[in-house]
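Please find below a short note on the model you passed along.

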Amino acid sequence: MAEYKVKFEVFEGPLDLLLYLIKKEEVDIYEVNLTQLATQFIEYIETMRMLDLEIAGEFLVMASTLMYIKSRELLPVEQQAQVDAEDDGQDPRWELIRQLVEYKKFKDAAAQFQRLEARQEDIFPRLPGKLEFDAPMPRPEVSIFDLVNAVNAVLKRFNQREDLRDIFDDKWTVSEKIEHLLRLASERSPLKFSDLFEGITSRSEVVVTFLALLELIRLKQLTVLQREPFGDIEICRSPPSAQPPEAATVADAPLRSGLGVEEIQQSS
Amino acid sequence: MELKLILESVLFSAQKPLSMKELREVLASAPEHAQANDTVRALKKVRESELITALEQLANEHEQAQRSYRLVCVAGSWQFVTQPEYAPWLKALVGHRIRPPRLSQPALETLAILAYRQPVTRAEIEQVRGVTVDGVMQTLVERGLVEQVGRADVVGRPMTYGTTAVFLEYFGLRSLEDLPAADELRRLVVQKPGALATADPGLATVPPEQLALTTQEQKTTTEHTERDPAAQGSPPAAPL
């Protein structure tokens, strides 16, 4: 199959694909032959599998729903699982059609949004204000990605030095670093991100310091600011009202990007 | 001295869109700059309704006169802006404006669902789209178009999201009421067909009008009526 370069429509999701198949048949959603649709859908999945494309889980869930619907259709009415008059949501065919109709309407709404978006590009205000109105709004809140970016830059400095594979004792714990950071932030305000890593000699110390920083941010004891996108990150102590009463362990740290200590050390 | 014209002069010289509050502040502090001028003082405290009427009249006049610039209200603030038809000349004049990249299809769809159904959880959005929205949501949050507005009162207390003022500015909307077909999409209830015939799978008798975006309120779901008894004895029509 490697010789073939097939131009393949990649769909966002199963509903997207279903709407496409329905459109191809040029029928109304309400008049679509669900059994036939199910067959086409499965065929599509099979082709994806043959072409070694990854199939998202949602497609498989939809495939099984369609199979269920198709199998129900094959049974004479008396043998079908009874759908009570009150059981409005239970008819799988109806639920699917309802979902498709709803999704399609939002797709249309999205197209309208796109028109509005394009229209706005052609509209100029009376006195074009300073760039603040046209450029992406400056975000005063620093995201985890800005922080990770910043610490990566710091870690890069240590890249060259770690040729020796000696194993050292971790001389620093997160709690110690927490205290250290709080002290630093009280002495110097605002603190620059790079100030946090002054005098540090190894990657693991950088990591432990970073974790301490994250924990303090999570506990709202420290606030971080970035005055311009990709600019310096500033750190200062939060005003007392922002601090919650209880402390928690590092295990609760919001490393949403999923980076653990080991991963930070390995990535370079 | 017409209030309308005063507002026109103010908005003409403004450096940014002005909200009702800002306009009233201008009117309130004007007497400081005019010695014993009764007219100025008379307009010191204007009712909000009068202000809105004047602004709308002003906007109307410009529209009637087909001016190349019009008065618009975006995200609750008023400003003079040019009509899109003149874009080529204005782009030549102003030069390249830094604009964020256009939103992708998935982003627009997610945004649409969020805008109409807010406050809404990620799970609810995913329910409509049929796919996960994590990446897209991050983009929308980073662009300042959506934000967390609270938590849902269900197990797990998931976050709920809503649109921001930036969202309104980005699309040139006056308020959320200005969303196209708002009534219909806020709470889409599709009317169930009278009878779903079972002999011919998937066939229904609902008029296709339901498919197009209309501005009428949808009727509520009707009860699923009894199946057509005539279809009960017929053999299954679907091939395997």
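Predicted model: local features only at pLDDT ≥ 70, side-chain atom pairs only at ≥ 80, totals over all residues.

1. Chain A has an open sheet of 3 strands in the order 1-3-2, with antiparallel pairing. Strand 1 (191–192) and strand 2 (222–226) of chain A are at the edges, each with a single partner strand, so one side of each is left without a neighbour in the sheet.

2. How many bridges join strand 1 of chain A to strand 3 of chain A? There are 2 bridges between strand 1 and strand 3 (residues 233–237) of chain A, and the two strands run antiparallel. Within chain A, A:L191 stands opposite A:I235 in strand 3.

3. Chain B has an open sheet of 3 strands with the order 4-6-5 and antiparallel pairing. Strand 4 and strand 5 of chain B are the edge strands, and each pairs on one side only. Packed on the sheet is helix 6 (residues 105–117) of chain B, which touches strand 4, strand 5 and strand 6 of chain B. The direction of this helix makes about 95° with that of strand 6 of chain B.

4. The pairings in chain B can be followed residue by residue. Strand 4 (residues 120–121) of chain B is joined by 2 bridges to strand 6 (residues 159–163) of chain B, running antiparallel. In strand 6 of chain B, B:Y161 stands opposite B:V120, while B:T160 is the bridge partner of B:T121. Strand 5 (residues 146–151) of chain B is joined to strand 6 of chain B by 5 bridges, again antiparallel. B:Y161 in strand 6 of chain B also stands opposite B:Q148.

5. Which element of chain A has the lowest mean pLDDT? Helix 8 (residues 261–266) of chain A does, at 43, whereas helix 4 (residues 92–121) of chain A has the highest, at 89. For chain A the mean pLDDT is 73, with 70% of its residues at 70 or more.

6. Two stretches of chain A call for caution. Residues 1–7 of chain A stay under 50 in pLDDT, and the model gives them 3 contacts beyond four places in sequence. Residues 242–268 of chain A are also below 50, and this stretch has 29 contacts in the model beyond near neighbours in sequence.

Terms used: Residues numbered from 1 in each chain as written. Chains lettered and ligands numbered in written order. Pairing = 2+ DSSP bridges. Helix = DSSP H or I, 4+ residues; strand = E, 2+ residues; numbered from the N terminus. Contact = placed C-beta atoms within 7 Å. Axes fitted to C-alpha atoms, helices over the stretch in contact; angles between N-to-C directions. pLDDT = per-residue confidence, 0-100.
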